[in-house]
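I am opening a notebook page on a structure that is new to me, and I will write down what I looked up in the order in which I looked.

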Amino acid sequence: MGYSVETLREGLGFGKQVVGLARQDIDREAVRAELRDHWIRDGLVVFRGSEVTPEFQIALSRVFGELEVHPIPELRSADHPELITLVSDKDKEGLFEVDGVESVAFLPWHSDLIFVDSINHGGLLTAKTIASWGGQTGFIDQVQAYELLPETLKAEIEGLEIVYQLCVNPGGSRYGTRSRVRTILTGDFEKSVGPRLDADYPPVVHPVVFVQPDTGRKVLNVSPFGAQHILGHDDEAGHALLGRLVDHLTACPAYFHQWQPSEMLLWDNWRMAHCVTGAAPDEVRIMERTTIMGDYGLGRRLHGRKAA
């Protein structure tokens, strides 16, 4: 075996790093099975020391499932439709003041595609262009977050659901962030998607807690960015409860990845919340990500039937 699997960080409680994985390694079913097991059991896998190309990123992603085309056309890569290109600059994404610091790339804690009824199972992310400062990708394990909940709170939230809707401004979600966010320049993405939110991305509902299918562990399924309210509890008490859950989640142990060339990050989107810290405002940060298909089968539209 030409690669090694190591602990991501001592005491973290989740995550692994795979060093030196090569394209030919993933042709072996034993390697593919080992990688899939780490994905499910550890939640986050950091690949270091690999020769990263779009073709390898796509091939590695397919180890974990079929790939799906992202539902937002503006993000799709022209050359490789399986990839989305995330460009952080003030024209495309907008310019924001976050806690008094001008930055791009800032994205609050969330689960990918929480704003649709079928949440994808994972993503594989790589950095094409790295900012001189900021732009770290953070992760919190929601299996660990559930385990750390007080027993009384576990009982209180059992069976509850949260209403979500796509939010295109990092300061525009009630529970998205505690940071003070001020829009300095509205980006092309917000201008394009914002006016058609209700038509193209209507509200959806997801459970607060669900059971991880492969392990039987419970997951605290809370995505602060985009959360509207607890279904049936759009009142003071309901918002206080959702606020407690968000505060608990964001206080849990987190891993922040400082990007270097030739790295890829794989995460189980059904259990890992993630975020992006603000980055240098006069630079361009470019990331590429695949979307690993899947549906845990528990989401639905708030009004009407499940999307086809």
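Predicted model: local features only at pLDDT ≥ 70, side-chain atom pairs only at ≥ 80, totals over all residues.

Entry on salt bridges. I looked up the partner of Arg-182 and found Glu-97, joined to it by a salt bridge at 3.3 Å, N to O; the term asks for a side-chain nitrogen of Lys or Arg within 4 Å of a carboxyl oxygen of Asp or Glu. Arg-182 sits in strand β11 and Glu-97 in strand β5, 85 residues apart, strands being DSSP runs of E with at least two residues and helices runs of H or I with at least four, numbered from the N terminus. Glu-97 is partly exposed as well, with a relative accessible area of 24%. I then turned to Arg-300 and Glu-161, whose closest N and O atoms are 2.5 Å apart in a salt bridge; Arg-300 belongs to strand β20 and Glu-161 to strand β10, so this pair ties together parts 139 residues apart in sequence. The structure holds 18 salt bridges.

Entry on a buried loop residue. I located Asn-120 in the loop between β7 and β8, and its relative accessible area is 0%, so I list it as buried. Its side chain reaches the backbone oxygen of Gly-122 at 2.6 Å. Leaving aside neighbours within four places in sequence, I found Asn-120 in contact (heavy atoms within 4.5 Å) with residues including Glu-68, Asp-112, Trp-270 and Thr-291.

Entry on the nonpolar core. I looked up the largest nonpolar core and found 33 residues, with Ile-157, Val-208 and Leu-245 among those having the most contacts inside it; such a core is a set of buried Ala, Val, Leu, Ile, Met, Phe, Trp, Tyr and Cys residues joined through side-chain atoms within 4.5 Å. Helix α7 gives the most to this core, with five residues.

How values were computed:
Residues numbered from 1 in each chain as written. Heavy atoms only, no water. Buried < 20%, exposed > 50% of the residue type's maximum accessible area, 1.4 Å probe, protein only. Polar contact = N/O pair within 3.5 Å; in protein donor to acceptor, adjacent residues only side chain to side chain.
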